[in-house]
Amino acid sequence: MYDLIIIGAGPAGITAAVYASRKKMDFLVLTKDIGGQAAWSGDIENYTGYQFITGPELAQKFEEHMRKYNIPVKEGEEAIEVKVLGEEISVKTNKSEYKSKTIIIASGKRSKELGVSGEKEFKNRGLTYCATCDGPLFAQKDVAVIGGGNSALDAALQLIKIAGRVYLVNNTPGLGGDLIMRQKVEQAANVVLFNDSRVLEISGSQMVESIKILKAGKEESIPVQGVFVEIGLVPNSAFIKDVEKNEHGEIKINSRNETSIPAIFAAGDVTDTPQKQIIIAAGEGSKAALSAFYYLAQH
Amino acid sequence: MPKNVKVYSTPTCSWCIRLKKFLKENNIEFEDIDVGSDRERADEMVKISGQMGVPVLDIEGEIIVGFDRELIKQSLGLQ
């Protein structure tokens with residue numbers, strides 16, 4: 001039985017792992033991927049110490065830091081069920097089952113889907129949830145970015161540099177997100193902004209050819225070859241049933257990263273901590289590891 | 001005879017970076033194709049895989065979309 005199992009290896013999980021390692025805990029990291037959403041981010045200019053770094057580069061730095069401590073990481077193992085059995089916690093994954101005295105849930109968030117006709121059919125056939133990964137394939141092509149928050153602005157800023165025309169389809173009266181990003185997007189010559197607009201349908205034959213939107217009660221078809229869905233995120237918290245969550249499915253934690261169940265801690269975007277930022281997730285990860293360490297010292 | 005392996009990827013995709021690292025760690029030689037800068041090869045990737053997501057791995061004509069470690073191990077005969 002381990003002292004600690006960390007679920008997830010994004011900024012929160014990796015930072016928790018570095019701290020747990022320095023406390024000489026007997027622990028394991030179970031994760032679907034490494035870097036989490038940070039690896040999907042475009043340009044990062046607000047992670048202290050780096051005036052400019054890209055998401056994949058920062059994720060790489062995180063991983064190097066973790067590897068320095070020879071931390072046991074099982075990549076490709078996704079948690080399916082977490083259960084408390086008296087003094088031990090069982091974590092079932094897609095491959096195996098593990099037992100631990102404490103756990104830290106740092107499983108992050110994933111992209112929310114639009115839920116419109118054509119979305120599933122055209123996924124990876126022009127429709128994508130990762131501008132950082134797939135953006136370069138749309139050089140000189142006309143694309144649509146769906147959303148109006150920071151993720152959408154980030155995707156739009158990446159695409160402005162490579163794509164032809166970038167249609168930004170936002171369902172609120174004005175763009176959200178950070179002013180500094182909004183200004184860059186609004187000043188770009190190849191951006192066409194549709195506020196108060198909703199996507200109704202994605203269509204095409206083999207690949208995406210157009211989207212249908214509803215603007216002020218009027219339907220309009222826009223010919224595009226790429227659709228980037230950036231309408232927000234949902235927490236990866238379904239594998240743990242008994243813990244208290246808020247209305248968004250985020251795991252409720254207190255200032256010590258404790259959840260409603262003793263010995264279960266949580267950190268990063270999967271929690272109800274306000275503001276989802278890489279630097280916040282990293283800080284929360286360190287707090288969670290220290291809380292787990294002190295919990296074990298007392299029990 | 002080592003198998004003929006091609007990787008279609010973009011420099012910014014984290015799964016692509018991980019896939020290539022995995023191949024290197026296993027001493028698998030491969031042709032590294034940047035579909036972000038080469039339009040013709042990008043079209044070729046779409047044609048052989050029927051989709052636009054990266055990475056795409058071509059192992060002697062067997063097409064694997066995404067970093068599917070188990071499938072890749074199987075196809076390359078890795079432990």
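1. Helices (H or I, at least four residues) and strands (E, at least two) are taken as DSSP runs and are numbered from the N terminus. The model is a predicted one, in which local features need pLDDT of at least 70 and side-chain atom pairs count only at pLDDT 80 or more, while totals for chains, interfaces and linings use all residues. Residues are numbered from 1 along each chain as its sequence is written, and chains are lettered from A and ligands numbered from 1 in the order in which they are written.

2. Two backbone points in chain A deserve a look. K24(A), in the loop between α1 and β2 (27–31) of chain A, has a positive phi of about 55° although it is not a glycine. A residue counts as buried if 20 or more other C-beta atoms, placed from the backbone, lie within 10 Å of its own, as exposed if 12 or fewer do, and as partly exposed in between. K24(A) is exposed, because 9 other C-beta atoms lie within 10 Å. A263(A), which is found in the loop between β18 (233–235) and β19 (264–266) of chain A, also is not a glycine and has a positive phi, of about 75°; A263(A) has 19 C-beta neighbours inside 10 Å and therefore counts as partly exposed.

3. In chain B, the peptide bond from V54(B) to P55(B) is cis, with omega near -5°, and P55(B) belongs to the loop between α2 and β3 of chain B. For context, most residues other than glycine have a negative phi, and most peptide bonds are trans.

4. Chain B has an open sheet of 4 strands in the order β2-β1-β3-β4, with mixed pairing, where two strands pair if DSSP finds at least two bridges between them. Its edge strands, each pairing on one side only, are β2 (31–34) and β4 (62–65) of chain B. Within the sheet, β1 (residues 5–9) and β3 (residues 56–59) of chain B are antiparallel and share 4 bridges, and K6(B) has D58(B) in β3(B) as its bridge partner. Helix α1 (residues 14–25) of chain B packs on this sheet and touches β1, β2 and β3 of chain B, contact meaning that the C-beta atoms of two residues, placed from the backbone, lie within 7 Å.

5. Which residues of strand β17 (residues 226–229) of chain A are buried on each side? G226(A) and F228(A) are buried on one side and V227(A) and V229(A) on the other, so that both faces are covered. Strand β17(A) runs parallel to β10 (residues 127–128) of chain A, to which 2 bridges join it, and F228(A) is the bridge partner of T128(A). Strand β11 (residues 143–146) of chain A also pairs with β17(A) in the parallel sense, over 4 bridges, and there I146(A) stands opposite V229(A).

6. The interface between the chains brings 15 residues of chain B into contact with 17 residues of chain A. On the side of chain B, the elements that give two or more residues are α1 and α2 (39–49) of chain B, and the largest share, 3 residues, comes from α1(B).

7. The domain bounds of chain A come from an automatic or database domain assignment, which gives domain 1 (2–111 + 233–298) and domain 2 (127–229). The C-alpha centres of these two domains of chain A lie 32 Å apart, and their contact takes 5 residues from domain 1 and 8 residues from domain 2.

How values were computed. Axes fitted to C-alpha atoms, helices over the stretch in contact; angles between N-to-C directions.
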